[in-house]
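The text below goes through one protein chain, from its overall dimensions to single residues. Please keep the sequence and the model in view while reading.

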Amino acid sequence: MEKLEKFVIVGPGSQLLGVKIANILGINHINTEFKSFPDGEIYLRLNLEDETLLENKEIIIIQSTGPSANSDQNSRLFELLMIIDAVKRIGVEKISVIVPYLAYARQDKIFRPGESEFAKRVLKLIDIMGIDEFFVVDIHAPEVLEVMSCKTVNIDSMDVLAKSIRDMGAEDIVVVSPDKGAIERSKAFAKHFGDNILVDVFEKKRDVKTGEITMSGSLSLENKDVVIADDIIATGGTMATAIKLARKSGANKIYAAATHALMLQNAKYRILSAGADEIIGTDSIDNEVSRVSLANVITDYLK
Ligand code: R5P
């Protein structure tokens with residue numbers, strides 16, 4: 001069968017990662033023109049003059065939906081829907097959507113009466129646009145992907161994160177999970193540092209009304225390099241609390257690692273002043289702690 005020509009559409013939320021992926025795949029990329037109207041509505045168009053360029057082609061859309069200095073997650077989600085709508089209207093052969101960080105992923109279940117399971121609704125919205133494949137990276141609760149009818153893949157970033165921490169010189173490592181809910185992920189992460197790497201856990205409680213975090217636990221971390229791994233750093237509260245406990249428990253170097261380091265509010269300050277030596281995030285979010293690129297990992301899934 002003849003191979004279809006492919007194009008990468010680089011969304012406003014994944015400009016660096018999108019171009020890197022297109023370059024690795026050796027295919028053309030198209031960016032977007034986007035703005036907000038005075039009333040706050042979003043405008044987006046694919047930056048091309050001749051739509052026939054995309055007709056009957058295979059399209060890979062890359063758009064992370066995290067907040068950043070110049071946008072918020074709602075705008076990023078709408079931009080994504082607009083990109084899909086534009087390529088659908090043009091009439092392409094196949095649409096693969098890559099959303100490295102999915103906004104609303106943490107609203108995966110009902111915590112209080114009257115809430116919405118909005119993670120599922122967001123995925124359903126993307127799905128009913130009529131896409132063929134959906135890729136996300138380390139989604140908070142992978143089971144929510146079951147609501148989609150298209151093919152879904154939850155890409156694992158652990159290998160590249162672990163490699164980067166090893167390259168920074170970490171040795172005699174203990175992986176610490178800041179939360180019982182993240183223990184399985186931490187165990188899987190530890191395997192990327194070698195056999196028999198210890199995994200320990202702090203117990204985190206978050207008040208569902210105020211969001212306030214309390215954490216407890218005393219571990220034996222004397223002279224150990226400690227990797228504290230989470231899927232998301234948002235305000236840094238979880239990470240900073242875990243780091244303080246790790247420091248009290250005698251940790252040597254502390255690496256604060258997250259796939260999606262949103263770094264909101266005082267997150268950097270909180271984490272560093274709590275005693276972290278390094279903050280490591282991936283380029284699912286484009287900011288100053290995005291030290292690890294997902295480009296090769298994602299590309300491997302697309303090939
Ligand atoms: C929650 O379950 C997530 O895995 C993260 O622990 C959380 O999103 C981190 O948020 P923050 O940085 O605001 O404590």
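Two strands are said to pair if DSSP finds at least two bridges between them. Helices (H or I, at least four residues) and strands (E, at least two) are DSSP runs, numbered from the N terminus. This is a predicted model, in which local features need pLDDT of at least 70 and side-chain atom pairs count only at pLDDT 80 or more, while totals for chains, interfaces and linings use all residues. Residues are numbered from 1 along each chain as its sequence is written, and side-chain values use heavy atoms, with hydrogens and water left out.

The protein chain has eight helices and 16 strands. Its C-alpha trace spans about 65 × 45 × 35 Å along the principal axes. The radius of gyration, taken over C-alpha atoms, is compared with a globule rule of 2.2 Å times the number of residues to the power 0.38. For 303 residues a compact globule would come near 19 Å, and the 20 Å of the protein chain agrees with this. Buried residues (under 20% relative accessible area; exposed is over 50% and partly exposed in between, with a 1.4 Å probe and protein chains only) make up 50% of the 303 residues. Contact means heavy atoms within 4.5 Å; among contacts between residues at least 6 apart in sequence, 64% join residues at least 24 apart.

E5 is joined by five bridges to strand E1 (residues 6-10), and the two run parallel. In this pairing, Val10 has Ile62 of E5 as its bridge partner. Five bridges also join E5 to strand E6 (residues 94-99), again in parallel, and here Ile62 stands opposite Ile98 in E6.

Leu54 belongs to the loop between strand E4 (42-46) and E5. With a relative accessibility of 0%, Leu54 counts as buried. Apart from its neighbours within four places in sequence, Leu54 is in contact with residues including Phe7, Ile9, Leu46, Ile59 and Val92. Gly66 is twelve residues from Leu54 in sequence, and their C-alpha atoms are 27 Å apart in space.

Lys35 has Tyr43 of E4 as its bridge partner. The hairpin of E3 and E4 has five residues between the strands, and in it Gly40 takes a positive phi near 95 degrees.

Tyr104, in the loop between E6 and helix H3 (118-128), has a positive phi of about 75 degrees. Its relative accessibility is 22%, so Tyr104 counts as partly exposed. Asn196, in the loop between helix H5 (183-191) and strand E10 (198-201), has a positive phi near 60 degrees. At 77% relative accessibility, Asn196 counts as exposed.
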